[in-house]
Amino acid sequence: MADMEPSNYSAPNDTWTVESLDLYKRLKSDLIEQGNGDWLEHKSTIYYGERRLFTKALVNEYPGKFFEYVFFFSKNEKKVKGVIQFGPYTQGPPGWVHGGASASMMHSAIGVCASKSFPDCVTASLAVDFKSPLLLGATALVESWVDKVEGRKIYALVELRSPDGKVLHSSSNALIIQPQPQGEDADKGKNAFGDKK
């Protein structure tokens with residue numbers, strides 16, 4: 001099992017709610033079937049030897065209990081859109097999704113958006129604003145996009161909304177860095193991020 005390479009653990013399964021499945025079908029239709037040909041469904045590979053993708057780590061052991069999600073990505077637009085279902089094990093206050101669970105999924109969307117647009121990048125900072133709480137078991141629409149690029153600095157944004165897009169649950173902005181190759185700035189006294197040592 002440790003070396004298993006699943007084909008796609010992002011696809012909807014029998015733990016998805018009707019609302020999550022409806023949002024998935026709408027996004028797939030709008031972006032892929034009727035879109036401009038640039039949008040693709042992001043496939044999640046969860047196993048890397050003994051290492052697992054955090055947001056899909058327990059998908060086999062506890063299906064539907066943590067995060068169920070699918071992201072769609074446009075390289076030309078540098079955007080991600082997707083559907084997220086927050087299972088009962090993402091609880092914070094009784095009956096509500098934990099803020100850290102929301103933040104994790106926003107970070108995942110920003111990460112896919114940035115890494116698909118700019119290879120070998122890492123998050124330097126992530127700031128989250130919580131606007132409206134998410135009910136446990138809720139379905140959310142996530143949208144992330146690259147706002148601007150300054151050299152090796154990539155500024156990205158993300159929003160978590162109700163499936164109809166009318167309620168903003170939380171938003172986040174991130175600074176993503178394309179690290180310098182090791183040794184490139186060693187003579188200048190900088191680390192891989194370009195900061196002084």
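Helices (H or I, at least four residues) and strands (E, at least two) are taken as DSSP runs and numbered from the N terminus. The expected span of a helix is 1.5 Å times one less than its number of residues. The model is predicted; local features need pLDDT of at least 70, side-chain atom pairs count only at pLDDT 80 or more, and totals for chains, interfaces and linings use all residues. Residues are numbered from 1 along each chain as its sequence is written, and side-chain values use heavy atoms, with hydrogens and water left out.

Helix α2 spans residues 99-117. Its 19 residues reach 27 Å from the first C-alpha to the last, close to the 27 Å expected at 1.5 Å a residue. Contact means heavy atoms within 4.5 Å.

A nonpolar core is a set of buried Ala, Val, Leu, Ile, Met, Phe, Trp, Tyr and Cys residues joined through side-chain atoms within 4.5 Å. The largest such core holds 29 residues. Phe71, Ile84, Phe86 and Leu160 touch the most other members. Two or more residues each come from β4, β5, α2, β7, β8 and β9. Helix α2 gives the most, with 8 residues. Leaving aside residues up to four places away in sequence, Phe71 touches, among others, Leu40, Ile84, Met105, Ala109, Val112 and Val142. A second, separate core has 10 residues, including Leu23, Tyr24, Val83 and Leu141.

The largest pocket contains about 280 Å³ of space. A pocket is an open set of points on a 1 Å grid over the protein atoms alone, where a 1.4 Å probe fits, with protein on both sides within 12 Å along at least five of seven lines; lining residues have an atom within 4 Å of a point. Grid points are joined across faces, edges and corners, and the volume is the space filled by probe spheres set on them. Of the 14 lining residues, His42, Leu53, Tyr69, Ser108 and Val112 are the closest to the pocket centre. Strand β4 and helix α2 each supply at least two lining residues. The largest share, 5 residues, comes from α2.

Ser74 lies in strand β4. Ser74 counts as buried because its relative accessibility is 0%. Beyond residues up to four places away in sequence, Ser74 touches Asp38, Trp39 and Lys79.

Technical notes:
Buried < 20%, exposed > 50% of the residue type's maximum accessible area, 1.4 Å probe, protein only.
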